[in-house]
Amino acid sequence: MIKKLLLYVVSALAFLPFTTGCEQANIYTEVDFNVTLDPSNTYYAGEPVKFNISGNPDNLLFYSGEIGSNYEYKDRYDVPAEEVNSIVLDMQIQHRYGSPDDGALDIYYTDQFNGLSGDGAKDRQDIQAMLDGGMQGWTKVEFEDNGRQTNVSFPVSTPNMAECAENLCIAFHWRPSAYLDNPTGIPMDTYFVNGVVTVNIEGVNPVQHNLKTLMGTALMMDESIDPYLISSGNGSIRLDTDNDISFAGGYVDQIKHSCEGWIFSYPRAFNVTSPDQGVVIKNLQNYMHSYEYTFNEAGTYTVTFVGTNANYAGSSREVRQMTVNILNTPLVTE
């Protein structure tokens with residue numbers, strides 16, 4: 001019995017170093033690193049800046065401090081509406097069919113519209129009253145309808161830009177003539193519209209929204225058809241073509257209804273933005289003792305390195321920041 005007990009003890013002792021060695025190989029280590037500027041740096045725009053890295057970070061994330069890569073804004077999804085500097089509608093409008101002298105498309109925007117109700121009869125009545133009342137609260141986008149392609153760049157302008165940034169709605173009013181006296185002659189006006197809405201926010205890269213993605217429900221005014229008829233071929237407002245919006249006219253004897261209709265963008269806020277992004281410059285698969293980055297414009301930048309270590313036993317994170325002053329490249333004179 002004593003011999004067996006001794007055998008178990010010896011076996012356990014023999015096994016102990018092996019298991020201890022396995023645990024040591026995977027032990028968790030707190031991240032500890034430092035970043036310094038290399039003495040050889042010139043700090044001129046267009047020339048690389050070298051950062052020397054020491055320590056044990058498993059992963060390193062780099063923020064240059066430029067617009068779109070600012071550590072301070074890594075969790076920012078919106079900004080105060082007062083920081084929206086401008087909103088610009090850029091559109092290409094093609095008047096494809098119909099009389100070139102018969103402008104049949106009007107464009108408006110407002111910060112005072114909350115959308116359609118979903119009750120077809122009420123919506124028709126409300127929108128007609130709005131039109132008959134002179135589109136109070138709406139601003140008309142002026143453009144030359146020359147019967148061909150027209151490029152329109154129109155800055156949104158209101159007494160209070162912040163209100164527009166918080167609740168902007170864009171409306172298109174399609175009102176083609178029916179040509180009832182010549183139903184097989186000139187077709188009703190057709191328009192192809194493509195465009196973007198560009199939002200310029202203080203300290204943020206311009207944010208662009210494709211026009212099609214902003215559009216909501218159409219409202220057709222002819223009581224003989226579905227008030228919310230949309231994307232139904234000729235005689236409807238379409239979002240299912242290669243264009244952002246197609247106002248698809250056609251011949252009266254084929255369509256047999258009035259094509260007057262509206263399409264509204266979803267009333268929405270435009271003071272939204274994407275969080276600033278860093279760049280992964282190191283992970284467990286690569287070693288790194290230095291990193292180079294080129295600033296193309298002169299300025300003062302707050303550069304940030306975020307180091308992390310993590311495994312099943314735990315995780316840790318450290319942030320290292322420094323200010324880098326980049327100068328304009330000096331002129332070379334003879």
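This note goes through strand pairing, salt bridges, a charged patch and some backbone features of a predicted model.

1. Basis of the note. Because the model is predicted, local features need pLDDT of at least 70 and side-chain atom pairs count only at pLDDT 80 or more, while totals for chains, interfaces and linings use all residues. Residues are numbered from 1 along each chain as its sequence is written, and side-chain values use heavy atoms, with hydrogens and water left out.

2. Strand pairing. Helices (H or I, at least four residues) and strands (E, at least two) are taken as DSSP runs and numbered from the N terminus, and two strands are said to pair if DSSP finds at least two bridges between them. On this basis strand β1 (residues 33–37) runs antiparallel to strand β2 (residues 48–55), to which five bridges join it; Asn34 has Ser54 as its bridge partner in β2. Strand β2 also pairs in the antiparallel sense with strand β16 (residues 290–294), again over five bridges, and here Val49 stands opposite Tyr293 of β16.

3. Salt bridges. With a salt bridge defined as a side-chain nitrogen of Lys or Arg within 4 Å of a carboxyl oxygen of Asp or Glu, the count is six. One of them links Lys74 to Asp75, with 2.6 Å between the closest N and O atoms. In the terms used here, buried means under 20% relative accessible area, exposed over 50%, and partly exposed in between (1.4 Å probe, protein chains only); Lys74 is accordingly partly exposed at 26%, whereas Asp75 is exposed at 54%.

4. A bridge within a helix. Lys122 and Asp126 form a salt bridge with an N to O distance of 2.7 Å, and about one helical turn separates these two residues because they are four residues apart in helix α2 (residues 120–132). Lys122 is partly exposed, with 42% relative accessibility, and Asp126 is likewise partly exposed, with a relative accessible area of 35%.

5. Arg238 and Asp240 form a salt bridge in which the closest N and O atoms are 3.0 Å apart; Arg238 is partly exposed at 21%, and Asp240 is partly exposed at 44%.

6. A negative patch. Glu82, Glu83, Glu163, Glu166 and Glu202 form a negative surface patch, where patches are made of residues with over 30% relative accessible area and no salt bridge, like charges being joined within 9 Å and nonpolar side chains (Val, Leu, Ile, Met, Phe, Trp, Tyr) within 5 Å. Glu83 is placed in the loop between β3 (59–63) and β4 (84–97), and this residue is partly exposed, with a relative accessible area of 30%.

7. Backbone features. Met135 is not a glycine, yet has a positive phi of about 55°; Met135 lies in the loop between α2 and β6 (139–140) and is buried, with a relative accessible area of 5%. Ser231, also not a glycine, has a positive phi of about 55°; Ser231 is in the loop between β11 (215–220) and β12 (236–238) and counts as partly exposed at 26% relative accessibility.

8. A contact across the sequence. Gly299, in strand β17 (residues 299–311), is partly exposed at 26% relative accessibility. The C-alpha atoms of Gly299 and Tyr44 are separated by 9.8 Å, although the two residues are 255 residues apart along the chain.

Note on methods:
Areas by Shrake-Rupley, 256 points an atom, 1.4 Å probe, with all protein chains shown as cover. Lys, Arg positive; Asp, Glu negative; His and termini not counted. Charge placed at Lys NZ, Arg CZ, Asp CG, Glu CD.
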